[in-house]
Amino acid sequence: MVPRPRTRAGGAGNPSPRTGVGRGVKAIRIERTGGPDVLQPAEIDAPVPGEGELLVRQTAAGVNYFDVYMRMGTYPRALPFVPGREGVGIVEAVGPGVSWFATGMRVGYAESPNQGGYAEVNAVPARLCVAIPAEIDDALACGAMLQALTAQYLVSDSFAVGLGDHVLVHAAAGGVGRLLVQLAKRRGGVVIATAGGPDKCALAASAGADHVIDYRAVDFEPEVKRITGGAGVDAVYDSVGKDTWERSLRCLRPRGSFVLYGAASGPVPPIDPLRFMSGGSVFFSRPTFTHFARTHGELSERADDVFDAIREGALEIRVAATYPLADAARAHRDLEARALTGKAVLIP
């Protein structure tokens with residue numbers, strides 16, 4: 001058993017009561033909200049795994065739009081804090097009450113209540129961790145955490161795609177979007193994808209989309225109606241938000257489902273519920289990962305489905321770029337500029 005790291009008291013580091021400031025662990029810390037420049041390298045004490053937790057020595061940490069929202073203060077968080085909710089690494093120490101993981105095991109997690117993913121080590125509840133198959137490397141496994149698990153619950157639960165269902169996937173060349181296309185196709189769906197520019201449209205097509213619309217060249221709404229013969233789609237998966245939501249609603253068939261899972265262009269304004277009635281008694285949802293992984297068993301089943309899809313060759317995880325941990329600000333700039341066509345990963 002690896003001894004638990006000792007902590008030093010005092011200072012203003014990550015606000016977790018099990019951490020303090022001191023040398024020993026490299027991390028990225030946010031002391032004020034704002035642009036990418038607020039992501040500053042820092043040295044903090046290693047956290048000590050508490051009851052039901054694992055101490056994970058990280059080999060990869062994922063970068064997601066959720067981190068951007070936290071950095072900007074859209075999702076408020078007590079300052080200062082270490083951002084990042086997702087990572088992959090080796091179990092270095094096991095907290096009390098954990099019997100199903102051991103030191104030396106390779107694990108990944110898609111949710112970190114302590115928000116410590118941008119660090120060399122992180123203390124994570126064991127119930128939020130899954131074992132990583134040996135044949136999947138660290139960066140790919142990181143891409144199979146939050147983004148692939150998100151795509152999995154979107155197509156299996158938020159709207160359960162079935163054989164012949166027509167679905168519209170926005171930002172289909174992006175991290176989650178491209179995975180959504182593949183998993184929807186695996187379930188027998190007919191996928192209409194949107195992407196910006198020829199290169200990104202080609203990526204969406206390579207994921208298996210049946211129809212690809214370049215939203216920079218044409219308005220996607222009339223194209224969707226043309227493709228569906230005016231019937232509309234069974235579901236829309238929208239991570240863009242402000243720029244697309246109204247047209248997305250108009251693309252739905254009666255009793256269709258509008259699944260809003262992001263806001264890359266800005267938040268959707270308050271909506272009068274009568275819009276859903278006049279749009280055809282449509283369903284509107286704003287899902288989030290934690291509600292679809294309420295138990296370790298549920299999380300493990302979703303992870304097994306994702307890993308099976310990878311083994312079958314039905315799911316390709318595209319790692320767009322890797323960055324040293326200290327370059328987290330550059331990773332955020334690239335993500336916000338929509339310069340990435342896949343997963344961004346930090347290497348601690």
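Me: Which residues of α10 are buried?
Reply: First, the ground rules: this is a predicted model, where local features need pLDDT of at least 70, side-chain atom pairs count only at pLDDT 80 or more, and totals for chains, interfaces and linings use all residues. Residues are numbered from 1 along each chain as its sequence is written, and side-chain values use heavy atoms, with hydrogens and water left out. Buried means under 20% relative accessible area, exposed over 50%, partly exposed in between (1.4 Å probe, protein chains only). In α10 the buried residues are Ala 328, Ala 329, Ala 331, His 332 and Leu 335.

Me: Within what arc do the buried residues of α10 fall, seen down its axis?
Reply: The arc is taken over the directions from the helix axis to the C-beta atoms. The buried residues line one face of α10, because their arc is 160 degrees.

Me: At what angle do α1 and α10 pack?
Reply: Helices (H or I, at least four residues) and strands (E, at least two) are DSSP runs, numbered from the N terminus. Axes are lines fitted to C-alpha atoms, for helices over the stretch in contact, and angles run from 0 to 180 degrees between N-to-C directions. Helix α1 covers residues 65-72 and α10 covers 328-336; their axes are 10 Å apart, and the angle is about 110 degrees.

Me: What does that angle make α1 and α10 to each other?
Reply: Under 35 degrees counts as roughly parallel, over 145 as roughly antiparallel, 65 to 115 as roughly perpendicular and the rest as oblique. The helices pack at about 110 degrees. So α1 and α10 are roughly perpendicular.

Me: Which residues of α10 does α1 meet?
Reply: Contact means heavy atoms within 4.5 Å. From α1 come Tyr 65, Asp 67, Val 68, Arg 71 and Met 72. Their partners in α10 are His 332, Leu 335 and Glu 336.

Me: What is the order of the strands in the open sheet of 6 strands?
Reply: Two strands pair if DSSP finds at least two bridges between them. Pairing here is parallel. The edge strands, each pairing on one side only, are β10 (211-214) and β13. The order is β10-β9-β8-β11-β12-β13.

Me: Which residue in β13 is the bridge partner of Ser 257?
Reply: β12 and β13 pair in the parallel sense over 3 bridges. Ser 257 has as its partner in β13 Phe 283.

Me: At about what angle does α4 run to β8?
Reply: Helix α4 (residues 175-186) lies across β8 (166-169), β9 (190-195) and β11 (233-238). Relative to β8, α4 runs at about 170 degrees.

Me: Is Val 191 buried or exposed?
Reply: Val 191 sits in strand β9. Among the residues that Val 191 touches are Val 167, Val 169, Val 181 and Ala 184. Its relative accessibility is 0%, so Val 191 counts as buried.

Me: Is Arg 255 buried or exposed?
Reply: Most residues other than glycine have a negative phi. Arg 255, in strand β12 (residues 252-260), has a positive phi near 65 degrees. Its relative accessibility is 58%, so Arg 255 counts as exposed.

Me: What is omega for the cis peptide bond that joins Leu 79 and Pro 80?
Reply: Most peptide bonds are trans. Pro 80 lies in the loop between α1 and β4 (87-94). For the cis bond between Leu 79 and Pro 80, omega is about -5 degrees.

Notes
Lists of a residue's contacts leave out its neighbours within four places in sequence.
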